[in-house]
Each structure stands twice: as C-alpha cells, then as structure tokens.
Amino acid sequence: MKIEKFVLGPVGTNCYIVRNDETKECFLVDLAACPPELISHIRGAGLSVKAVLLTHGHFDHIMGLDRFSEEFPVPVYACEDERELLSDPRLNSSLSMIGQRYAFDGAQYVKDSDVLDIAGMKIRVAATPGHTSGGCCYYIEEEGVLFSGDTLFHGSIGRTDLPTGSMSLLVRSVQEKLFVLPDETKVYPGHMEETTIGYEKKYNPFF
C-alpha cells in the first residue's frame, strides 16, 4: 500500500490517494477540491480509481466530488448518519463559511463496523460522532492505518461548535473507538500532520 497526501481546498484539507501498487487500484479519502493536477496525477500514474471515502460531510471535505465524479464515476461512501448534513448547505457549513451553497446527494451509506473491500484492502468503518453526528474513521488493520478525518488530530481533536457537533460524543468516540487500536497504528488526519494512536494516548491534551 502507498498513501499520497494532497492538501486541497479553501482551508487546507488533507486528501489522500490510497493505492495498491500491485494492481494499480486505488481509492481516495475526502475530496476538498478537484484541481486538474489531481486528475493528471491519477491518470499519469495509470491508477484505476475504485471509490471515494468520506470521513464526514463538511464542505471542506466534499467540494471536489462533483468534478471528480465527472472524470471517475465511482461509488462515494459516507456514514449513514451523515445523510442530512451532506445534503444541507447550512449544516455542512458551505453557506456560512464560504458563502456558497454546496450539497452532495450521491453517496452510498455505510454503518459502524461495516467492512469495505476496495482495491484489495479490507477497510473497517468506525462511526465516530462528535465533530459531526455522522462522522466516521476508516481502519485498515492489515496495514496498521487509520484515516481519522476531523475526529483526531496530532495533539488535538476536531471542533464541535458547528451544526451537529458534540464535545462529549467526540471524546467518547476517540476513547472507545480509536484508543482501543494498537499503539503503532498510523493516523492520517483531515488536517495537520500524521501521528500515531500511541502518541495521542500519551500526549494529546484532551485526554
């Protein structure tokens, strides 16, 4: 497995291409924007895109979806409790934070503990409400990798003052769903640099 990070969109969101180098199949995690360079990179590498995984529905993680889907019409997965936020520009903060109405209605919905088989990898869905009501993380046990979206950051956690946010739920989600993973699990967050579960258990000031 190879992970490539692209920082995209109006607030610098980490968007990931996760590729199987043996098969050249890949999936993406979150899509804040879809610049021509991203499309050229995928095509230039000869990659076969199989899916897009959304950690949550805030505008800065979804605004590249329509353009990307024109080039790569693949399934877009999100947690079932995020349906309303994805489709409402008020809830996903596109209207209030950048003055644009953006919504996405084309997602396929998954639930906690579902396992997706994409690009030769088994990806477990972990519902982690708190940053939003339908936020989730994606865990690839065989690779020791977690895509945490805005649930867990290096030395921090996601904000909870936006619609459907809850600090108590977020703290519980991290403690019960993420901190039970092996300490060496590499965490790829929605913003800032990568970290590990072990580091966050020891040094994250919120815990």
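The model is predicted, so local features need pLDDT of at least 70 and side-chain atom pairs count only at pLDDT 80 or more, while totals for chains, interfaces and linings use all residues. Residues are numbered from 1 along each chain as its sequence is written, and side-chain values use heavy atoms, with hydrogens and water left out.

**Overall build**

- The protein has six helices and 14 strands; these are DSSP runs numbered from the N terminus, with helices being H or I of at least four residues and strands being E of at least two.
- Its radius of gyration is 16 Å, close to the 17 Å that the globule rule gives for 207 residues, so the protein is as compact as a globular protein of that length. That radius is taken over C-alpha atoms, and the globule rule is 2.2 Å times the number of residues to the power 0.38.
- Along the principal axes, the C-alpha trace spans about 45 × 40 × 25 Å.
- Buried residues make up 53% of the 207 residues. Here buried means under 20% relative accessible area, exposed means over 50%, and partly exposed lies in between (1.4 Å probe, protein chains only).
- Of the contacts with a separation of 6 or more, 60% come from residues 24 or more positions apart; a contact means heavy atoms within 4.5 Å.

**The six-stranded sheet**

- Six strands form an open sheet with mixed pairing, in the order S7-S8-S9-S10-S13-S14. Two strands pair if DSSP finds at least two bridges between them.
- Strands S7 (115-118) and S14 (195-196) stand at the edges with a single partner strand each, so one side of each has no neighbour in the sheet.
- Inside the sheet, S8 (residues 121-127) and S9 (residues 136-140) run antiparallel and are joined by four bridges. Alanine 127 has cysteine 136 in S9 as its bridge partner.

**Two loop residues with positive phi**

- Serine 113 lies in the loop between strand S6 (108-110) and S7. Its phi is near 80°, a positive value in a residue other than glycine, and at 45% relative accessibility serine 113 counts as partly exposed.
- Alanine 119 sits in the loop between S7 and S8. Its phi is near 55°, again positive in a residue other than glycine, but alanine 119 counts as buried at 5% relative accessibility.

**Helix H5**

- H5 (residues 167-178) has twelve residues and reaches 16 Å from its first C-alpha to its last, close to the 16 Å expected at 1.5 Å a residue. The expected span is 1.5 Å times one less than the number of residues.
- Leu170, Val171, Ser173, Val174 and Leu178 are buried in H5. They cover an arc of only 155° around the axis, which puts them on the same side of H5; the arc is that of the directions from the helix axis to the C-beta atoms.
- The cover over these buried residues includes S9, S10 (145-149), S11 (152-153), S12 (156-157) and helix H6 (197-203).

**Aromatic pairs**

- There are six aromatic pairs. Rings of Phe, Tyr and Trp (its six-membered ring) pair if their centres lie within 6.5 Å; planes under 30 degrees apart count as stacked, over 60 as edge-to-face and the rest as tilted.
- Tyrosine 16 and phenylalanine 147 form a tilted pair, 5.4 Å centre to centre with 55° between the planes. The pair links distant parts of the chain, with tyrosine 16 in strand S2 (residues 13-20) and phenylalanine 147 in S10, 131 residues apart.
- Tyrosine 16 counts as buried at 2% relative accessibility, and phenylalanine 147 counts as buried at 0%.
- Tyr16, Phe147 and Tyr188 form one aromatic cluster.
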